[in-house]
Amino acid sequence: MHELSIIQGVLQDCCTRARQEGAAAITRIELVVGERSGVSVSSLEFAFEAARLGSLAQEASLVIEARPALARCLECQAPFAPQEGIFLECPQCGGPGELVAGRELLVSSMEIETNL
Amino acid sequence: MCQDCGCLEVGAVTLEGVPLGSDHHSHAPLQEHDHGHGPELRRLSLFHGQGQLQEISIKQRILSRNDHLAQHNRELLQKAQVFATNWISAPGSGKTRLIERMLEDNRLGQEIFVIEGDQETSRDRDRIRAKGGQAVQINTGSACHLDAHMVHEALHQLPLKPKSFLVIENVGNMVCPTAFDLGEAFKVAVISCTEGEDKPLKYPDLITNAKVLLINKIDLLPHLDFDLEACGSFAKRINPAITVFAVSAKTGEGMEAFYAWVLSAKGAETSETKAVIQER
């Protein structure tokens with residue numbers, strides 16, 4: 001479970017950026033996490049609860065968009081959802097596929113609060 | 001307890017027994033060098049409490065700091081003409097024994113340098129040195145994987161030579177190391193026969209991210225119910241591009257085919273790098 005070090009990195013980067021913007025607090029952090037990114041959404045949420053304490057994001061909400069895996073057949077070019085989430089055999093022609101989505105691991109945005 | 005398993009206390013990472021600083025690296029403020037994909041600002045006039053709310057679009061890879069340093073390692077290795085691989089498996093599947101076998105067989109024609117990653121002890125480094133290999137040891141303390149920063153520091157301690165090989169033996173763990181690019185040419189996955197043929201199904205992310213899978217300890221096959229063919233075919237169904245070798249680090253069986261493949265992969269990588277340099 002490497003999610004804690006990952007979320008600590010996210011918080012560090014977001015807090016640095018928020019300070020540059022003169023923020024009093026971070027109110028929301030939005031992430032995109034692919035189904036095949038090797039990172040568990042529930043573990044990220046769990047780690048966030050502990051890691052945000054004492055930071056600018058102490059009161060922030062964490063919004064995670066989970067991206068499903070999507071593959072494309074290298075032979076017939078048909079897009080398909082991998083069977084059981086992992087198998088890259090084309091359901092149309094049986095040819096080999098490659099993952100085209102589902103490995104994303106992004107900070108998409110955050111919302112900050114600046115005192116007037 | 002692992003820092004990544006709930007304990008917030010950060011354990012000391014050491015390289016050759018010396019604590020690894022995180023703030024002395026000359027490229028530490030990585031967020032400072034923007035390569036044109038920097039965050040853009042979008043202002044929304046929302047009000048919340050007494051302050052003004054503002055949405056900031058970031059669109060940055062979560063591991064961008066690691067990825068940036070990994071890319072730096074990759075360029076450094078390419079410039080030094082060193083062919084690096086990142087070995088990932090469960091603990092005890094025989095990674096260190098396989099590297100010892102590579103040193104004993106000496107069939108790659110060039111020196112092999114080794115970066116060892118373990119939570120504690122320098123036992124693996126000592127094993128590599130006992131076989132005549134040059135190695136440095138990273139102890140991750142509480143961390144469950146190597147990252148690009150640790151490897152970067154280790155690179156500076158190895159007298160790397162042009163055309164040589166670098167083997168990075170990651171911490172024994174089939175999950176966490178998979179997410180961290182270290183700057184290698186590719187990842188090598190290892191599964192041993194004693195682990196069961198369904199291991200690729202249980203840990204698909206490693207299989208997805210590896211270029212080659214070594215199924216080790218095939219000398220034990222007569223004593224096991226392990227289905228070698230099924231193991232390879234599970235891996236191929238998850239990653240159709242993966243190359244699978246059945247090997248025994250103990251007897252050396254199957255290693256010749258792996259060496260030939262490594263040499264051709266190195267040749268392909270070198271000519272690709274040359275093409276990229278010429279394009280530039």
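Start by selecting B:Lys131: at 37% relative accessibility it counts as partly exposed. That label covers everything between buried (under 20% relative accessible area) and exposed (over 50%), using a 1.4 Å probe and protein chains only. Keep in mind that you're looking at a predicted model, where local features need pLDDT of at least 70 and side-chain atom pairs count only at pLDDT 80 or more, while totals for chains, interfaces and linings use all residues. Residues are numbered from 1 along each chain as its sequence is written, chains are lettered from A and ligands numbered from 1 in the order in which they are written, and side-chain values use heavy atoms, with hydrogens and water left out.

**Stop 1: a charged network in chain B**

B:Glu104 makes a salt bridge with B:Lys131, and the closest N and O atoms are 2.8 Å apart. B:Glu104 sits in helix 2 (residues 95–105) of chain B and B:Lys131 in the loop between helix 3 (123–130) and strand 7 (134–139), so the pair ties together parts that are 27 residues apart in sequence. Helices (H or I, at least four residues) and strands (E, at least two) are DSSP runs, numbered from the N terminus. A salt bridge here is a side-chain nitrogen of Lys or Arg within 4 Å of a carboxyl oxygen of Asp or Glu. Why do such pairs form? Side chains of opposite charge can pair when their charged atoms come close.

B:Glu104 has another partner to click on: B:Arg97, with the closest N and O atoms 3.4 Å apart. B:Glu104 is partly exposed at 35% relative accessible area, and B:Arg97 is partly exposed too, at 27%. To see the whole salt-bridge network, select B:Arg97, B:Glu100, B:Arg101, B:Glu104, B:Asp105, B:Asp124, B:Arg127 and B:Lys131.

**Stop 2: where the chains meet**

Zoom out until you can see both chains. How many residues does each chain bring to the contact? Chain B brings 43 and chain A brings 40, with contact meaning heavy atoms within 4.5 Å. The two chains bury about 3,800 Å² between them, 53% of it on carbon and sulfur atoms. Buried area is the accessible area (1.4 Å probe) that two parts lose on being put together, summed over both. On the chain B side, pick out B:Ile56, B:Ile62 and B:Arg237: they lose the most area to chain A, together 19% of what that side buries.

Next, look for charges crossing over. There are four salt bridges across this interface. Which parts of chain B each supply at least two residues to its side? They are strand 3 (46–48), strand 4 (51–61), helix 6 (204–209) and helix 7 (228–238). Colour strand 4 of chain B, which gives the largest share, 11 residues.

**Stop 3**

Select A:Cys73, A:Cys76, A:Cys90 and A:Cys93, which an unreviewed UniProt entry lists as "binding site". They are spread over 21 residues of sequence but cluster in space, with a largest C-alpha distance of 8.4 Å. UniProt positions follow the numbering used here, feature names are shortened, and annotations may be inferred rather than shown by experiment.

Is A:Cys73 buried or exposed? It's buried, with a relative accessible area of 1%, and it lies in strand 3 (residues 70–73) of chain A. Leaving aside neighbours within four places in sequence, A:Cys73 is in contact with several residues, including A:Phe80, A:Cys90 and A:Cys93.

Hop over to A:Cys93, in the loop between strand 4 (79–80) and strand 5 (97–101) of chain A. A:Cys93 is partly exposed, at 40%. Not counting residues up to four places away in sequence, A:Cys93 touches A:Cys73, A:Glu75 and A:Cys76.

**Stop 4**

A:His2 is in the segment before helix 1 (3–20) of chain A, and is buried at 0% relative accessibility.

Last, select A:Arg28 and A:Glu111, a salt bridge with its closest N and O atoms 3.5 Å apart. This pair links distant parts of the chain: A:Arg28 is in strand 1 (residues 25–34) and A:Glu111 in strand 6 (residues 105–115), 83 residues apart. A:Arg28 counts as buried at 19% relative accessibility, and A:Glu111 is buried at 10%.
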